[in-house]
Amino acid sequence: MEERGTDMSQEIIFEAKHMHKAFGPTIALKDVDIQIKRGEIRGLVGENGSGKSTIMSIAAGMQPATSGEMYYKGEKWSPKNMVESQNQGISMILQEANTIPHVTVAQNIFAGQEKLFSKAGLINMTAMYKKADELLQKFGISNIKGKDPVGRLTFEDRKLIEIVRCVTDDTQILVVDETTTALSHEGREILYKLIHKMTEEENKAVVFVSHDMDEILEQCNVLTVLRDGDIIGHLTREEMDAPDAVQKIRLMMVGREIGRKYFREDFIPSHQEEVALDIQNISMGPIKDFSLTLRKGEIVGIGGLSGCGMHDIGKAAYGLVKLDKGQVIRNGKPVKNCLQAIEAGIGYISKNRDLEAIILDAPIQANIVLPSLTSLTKGGYIRPKDEKKLSDEQIDAFRIKCGSGKQYVNTLSGGNKQKVSFAKWTAKGSDVIIMDSPTRGVDIGVKQAMYALIEQMKAEGKAILMISEELSELIGMSDRLIIMKDFRVTAEMERSADLKQTDIIEYMI
């Protein structure tokens with residue numbers, strides 16, 4: 001690992017004192033004190049709901065603290081909103097997609113700054129496109145142009161647009177909140193290069209919120225660990241380099257040893273004979289004649305680099321995209337749209353969680369019971385106590401951190417949102433689950449629990465299509481693994497104790 005040192009005597013650029021945040025009865029932060037110094041890439045880690053994102057969202061003007069004080073560049077700091085914060089030099093890249101739909105890349109980048117290109121009340125779009133192209137090139141982004149419609153970009157490329165919009169020459173503190181889970185490999189390298197340039201060449205500060213321990217240890221030069229709204233401790237670069245660093249950090253995060261079992265411990269592919277889902281020679285756009293048979297009790301993984309087409313396969317299997325050719329068959333009948341998919345017992349966990357998997361401006365209970373409303377209806381009426389019972393069972397099973405099922409989803413941490421998107425399909429009792437990046441944005445403890453649940457689903461005869469960019473979970477959980485590159489299948493492998501990531505990568509790049 002490359003040594004990345006930091007001078008801890010450097011200037012304090014941001015400080016929070018006695019920061020407290022409550023969402024009704026739920027306490028997110030408890031009297032937190034923290035300092036951020038110039039030249040730091042400070043990692044913030046903790047379980048879902050530990051408060052790590054909450055601290056920096058308050059600092060960036062996304063929401064107010066319940067009590068406490070903040071100081072930025074030596075002055076008292078209390079931004080009214082994120083626009084004011086960004087104008088003053090604190091920018092935050094949010095975990096979920098935050099682009100403006102139905103407009104161009106340039107209009108997203110310069111949202112709120114249109115006057116820079118305006119004369120006599122008219123906006124010079126040609127000038128805006130040109131400036132956007134210059135910025136994109138500056139960030140090393142060559143595959144996107146200013147005049148491109150945002151709606152045609154992938155989820156990963158939209159996240160790059162957010163980075164370009166957030167980071168300016170005036171940015172003094174950049175908050176990166178679980179951003180890399182939404183980026184391709186190339187996108188991650190662009191971001192890593194940017195944050196090291198900011199801290200090492202420009203003496204600015206970066207706060208890096210992530211569940212990826214390898215990423216945190218590689219990129220950060222100081223680490224803060226939170227648990228249940230409290231700061232448990234800090235680690236220096238030297239302490240992060242220690243052989244037992246990962247175990248020490250995990251113990252600080254959860255307050256207990258995490259069990260050894262993580263992925264499946266068997267290495268023999270297994271399934272029932274009955275077909276649960278049959279994807280027959282489907283074609284859509286650049287994907288041609290893709291076929292896949294998924295059987296009961298089978299976990300089929302699809303892996304590859306972002307943009308390889310694997311995410312499109314998941315959408316097609318759920319009826320979210322129109323096929324040019326071929327069909328998806330469930331129980332002998334074609335699935336042509338998502339309503340038919342739900343009725344046929346197919347569930348879908350989208351990578352784009354906030355837009356496609358959950359309803360943010362609705363209670364947890366409403367999200368969980370939504371696919372189950374038909375089965376809950378008796379005599380044209382749904383009894384509230386039945387909704388509550390079903391929701392409470394899932395909240396308990398997934399240990400969703402909330403006051404009650406009445407709490408709105410938009411108040412939850414990213415990991416707890418992911419639990420909700422998972423819970424609604426287990427509540428429905430879906431027999432086929434399409435999981436696109438199922439553990440994105442969740443901590444190690446929750447991942448462990450989700451893998452155990454997936455293994456239990458397999459034992460119950462449920463069929464699972466797992467789409468992921470995390471090779472470790474694909475190898476660890478799949479009975480059969482399909483690798484894609486440039487919209488076509490390049491390899492198919494069966495579960496084996498000898499299968500390694502290096503065996504797979506050559507078929508991806």
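The structure described here is a predicted model. In H15 the buried positions are Asp386, Glu387, Leu390, Ser391, Gln394, Ile395 and Phe398. Viewed down the helix axis, the buried residues of H15 fall within an arc of 165°, so they line one face of the helix. Lys385, Lys389 and Asp396, on the other side of H15, are exposed. Arg399 follows H15 and has a positive phi, near 55°.

Confidence in the model can be summarised briefly. The mean pLDDT of the chain is 90, with 97% of its residues at 70 or more. Over residues 1-9, however, the pLDDT is below 50, and this stretch has 21 contacts in the model beyond near neighbours in sequence.

Just after H9 comes Gly255, with a positive phi of about 75°.

Turning to the strands, an open sheet of four has the order S2-S1-S4-S5 and antiparallel pairing. Strand S2 (26-37) and strand S5 (75-76) form its edges, each pairing on one side only. Within this sheet, strand S1 (residues 12-23) and strand S4 (residues 67-72) run antiparallel and are joined by five bridges; Ala16, for instance, has Met70 in S4 as its bridge partner.

Strand S13 (residues 275-284) is mostly covered, with seven of its ten residues buried. Six bridges pair S13 with strand S14 (residues 287-295) in the antiparallel sense, and Leu277 has Leu294 in S14 as its bridge partner. The hairpin of S13 and S14 has two residues between the strands, and in this hairpin Gly285 takes a positive phi near 55°. S13 also pairs with strand S16 (residues 325-330), again antiparallel, over four bridges. Here the bridge partner of Ile279 is Val328 in S16.

Strand S18 (residues 346-349) is covered on both faces: Ile346 and Tyr348 are buried on one side, and Gly347 and Ile349 are buried on the other. The pairing of S18 with strand S21 (residues 432-436) is parallel and runs over four bridges. Gly347, one of the buried residues of S18, has Ile433 in S21 as its bridge partner.

Finally, the cysteines deserve a word. The count of disulfides comes to zero. For Cys220 the reason is distance: the closest cysteine sulfur, in Cys166, is 18 Å from the sulfur of Cys220, too far for a bond, given that a disulfide calls for sulfur atoms within 2.5 Å. Cys220 is buried, with a relative accessible area of 0%. Cys308 also counts as buried, at 4% relative accessibility.

Methods. Residues numbered from 1 in each chain as written. Predicted model: local features only at pLDDT ≥ 70, side-chain atom pairs only at ≥ 80, totals over all residues. Heavy atoms only, no water. pLDDT = per-residue confidence, 0-100. Contact = heavy atoms within 4.5 Å. Buried < 20%, exposed > 50% of the residue type's maximum accessible area, 1.4 Å probe, protein only. Arc of directions from axis to C-beta. Pairing = 2+ DSSP bridges.
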